Amino acid sequence: MLNIALPKGRLGDKVYELFASVGYDCSEIYSDNRKLVFENKENGVRYLLVKPSDVAIYIAHGAADIGVVGKDILEEGNFDIYELLDLNLGKCNMCVAAPNDYVEDFDRPLRVATKFVNIAKNYYISLNREIEIIKLNGSIEIAPILGLSDVIVDIVESGKTLQENNLRVYEKIMPISARLIANKSSYKFKNDDIDTLMEKLKKELAK
Amino acid sequence: MNEFLSTLSKEDRLNYELSMLYKQWGYKEYRMAKFEEYSFYSDNRDFLSSSGILAFNNSDGRLMALKPDITLSIVKNAKLTDALTKLYYNESVFRMTESSNDFKEIRQTGVEVLGKIDSYLVSEVLMLAAKSLRTIDEKYVLCVSHMSFIPSLLAEMKISENAKKEIISCIRGKNSHDLKAICDRCGVDEEKTELLIRLSGINGRLSSTLAELSALASNDEMKTACKELGFLDEALAGTDIAEKLYIDLSVLNNTEYYNGIIFQGYVEKAPKAVLSGGRYDKLAAKLRESTQAIGFAVYLDNLNLYYRKEREYDSDILILFDSDSSSVSLLSTVESFVSKGFSVRVEHNAPEGYKAKTVYSFENGALREVK
């Protein structure tokens with residue numbers, strides 16, 4: 001039995017459709033209830049629906065064998081897992097965004113508001129730029145408008161939210177998409193099952 | 001003896017059984033102090049698997065560290081002779097945990113061999129590593145790698161050290177998609193990129209994968225490594241551990257310290273590697289002149305979590321008594337049960353959730369079974 005951790009929400013729905021299309025369906029998942037664990041013994045899969053930011057934690061601790069998680073979460077944490085496949089779903093970019101009229105002042109440390117503290121730190125270390133991090137948990141776009149920060153580091157999908165808040169992409173840090181990850185021990189002991197699933201996914205993604 | 005072992009926790013039982021195993025193979029126990037000068041560990045910080053070192057000042061003002069690693073200390077301090085130095089240890093190390101960024105005491109056991117290391121010794125240490133894993137769980141896998149494959153290929157590439165670090169991180173994570181993107185970005189030629197991806201993706205039993213590995217060996221270092229792995233395969237063929245040995249070149253250690261065969265062990269119920277080791281001539285040469293070395297460590301700290309012992313009863317007998325009972329008579333009753341091999345707990349009231357095979361109440365100098 002393969003235990004698969006999926007992120008709850010839009011990305012999770014897309015990923016489930018992909019898995020179902022290659023023979024790992026579990027129709028119960030569509031039932032309108034509050035269950036978080038769904039099992040299809042015939043297909044040998046058990047889906048666990050968890051908070052997107054927790055998928056990698058479940059995998060690293062072996063509570064699930066494989067899972068799907070955004071690259072942003074993997075980069076932000078430091079998880080001892082295997083990253084097996086880029087599913088090319090949920091594509092977006094990790095960006096530095098700033099007010100439309102922003103001009104960078106190199107005389108002083110840059111004030112950066114973000115919930116991706118490690119990604120922001122690592123990015124500016126690579127540029128040898130001194131920064132002051134302001135950790136926020138949501139509505140990051142408001143920080144430069146209120147003068148709380150000079151720029152923000154956040155995920156940009158269509159850019160519409162930025163636009164509506166008079167912000168623009170200032171620099172692109174990295175592309176983000178959903179990744180198939182596996183627990184290292186599960187990969188050793190359920191290798192045939194995981195490899196079979198991976199091959200099927202690769203074929204489907206190549207179509 | 002088995003009855004005695006069954007009363008121990010998984011960690012304690014393993015400590016005992018692994019010590020016996022290493023003794024049987026002629027290894028001597030090595031005991032050491034819990035701390036050592038801080039500067040020794042800070043000079044060799046790259047060798048440590050965790051960045052934090054727990055330091056304190058001793059009475060004469062010297063900065064000391066609670067040992068974050070055992071191998072370093074053994075290589076520096078063990079008495080070397082013309083013969084091989086074969087040691088095992090059972091010690092605590094103090095490391096920063098990734099999950100809580102806090103220090104934790106971790107129990108570790110393992111073996112180290114110092115001296116002139118040949119192919120026999122490599123197979124003996126691999127054999128002991130496999131037997132150690134089997135002592136933890138019959139379902140185990142020992143992943144073998146060699147430091148001459150990926151590092152020698154990376155050395156041929158004219159790319160920055162940062163790019164190499166990124167590539168190594170991808171290889172450790174079996175992440176071929178980002179690996180390809182980094183190679184493309186750095187202008188690595190397609191042939192080398194493809195070879196890196198194929199090497200890091202190799203995953204199969206040692207015996208059945210050697211031919212594929214030999215076909216991919218593109219330089220002299222890789223060819224020599226294939227020969228070493230061939231010796232190992234030959235030495236262990238026919239033993240019951242042969243089918244548990246897998247080639248996995250995504251196992252990569254620090255190139256400044258390690259060379260030759262390296263390995264990691266997994267057991268079914270633990271989510272991460274519980275054993276790690278390999279040949280570390282480079283570290284040995286740094287600390288002791290013309291010494292070679294190989295060894296491994298078994299991490300016992302979380303095994304109690306993954307191998308929980310489900311006990312049916314807390315004790316064989318629970319005796320409930322009131323303060324008016326005769327102490328002399330009660331004590332002799334308990335003593336009589338214990339001398340017959342029963343475990344007994346005596347209480348005024350039954351502890352919450354306590355399970356005993358038989359519960360007695362002790363009244364007027366006599367036992368009455370409580371249903």
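A residue is called buried if 20 or more other C-beta atoms lie within 10 Å of its own, exposed if 12 or fewer, and partly exposed in between, with C-beta atoms placed from the backbone. This is a predicted model, in which local features need pLDDT of at least 70, side-chain atom pairs count only at pLDDT 80 or more, and totals for chains, interfaces and linings use all residues. Residues are numbered from 1 along each chain as its sequence is written, while chains are lettered from A and ligands numbered from 1 in the order in which they are written.

**View 1. The buried face of helix α4 in chain A.** Look at residues 117-126 of chain A, where I119(A), A120(A) and Y123(A) are the buried residues of α4 (helices, H or I, of at least four residues and strands, E, of at least two are DSSP runs numbered from the N terminus). These buried residues fall within an arc of 95° seen down the helix axis, so they line one face of α4(A); the arc is that of the directions from the axis to the C-beta atoms. After α4(A) comes N128(A), with a positive phi near 55°.

**View 2. Strand β5 of chain B and its partners.** Strands β5 (residues 85-96) and β1 (residues 28-29) of chain B run parallel, joined by 2 bridges (strands pair if DSSP finds at least two bridges between them). Here K28(B) stands opposite L87(B) of β5(B). With β6 (residues 103-115) of chain B, β5(B) runs antiparallel through 12 bridges, and K86(B) has V113(B) of β6(B) as its bridge partner.
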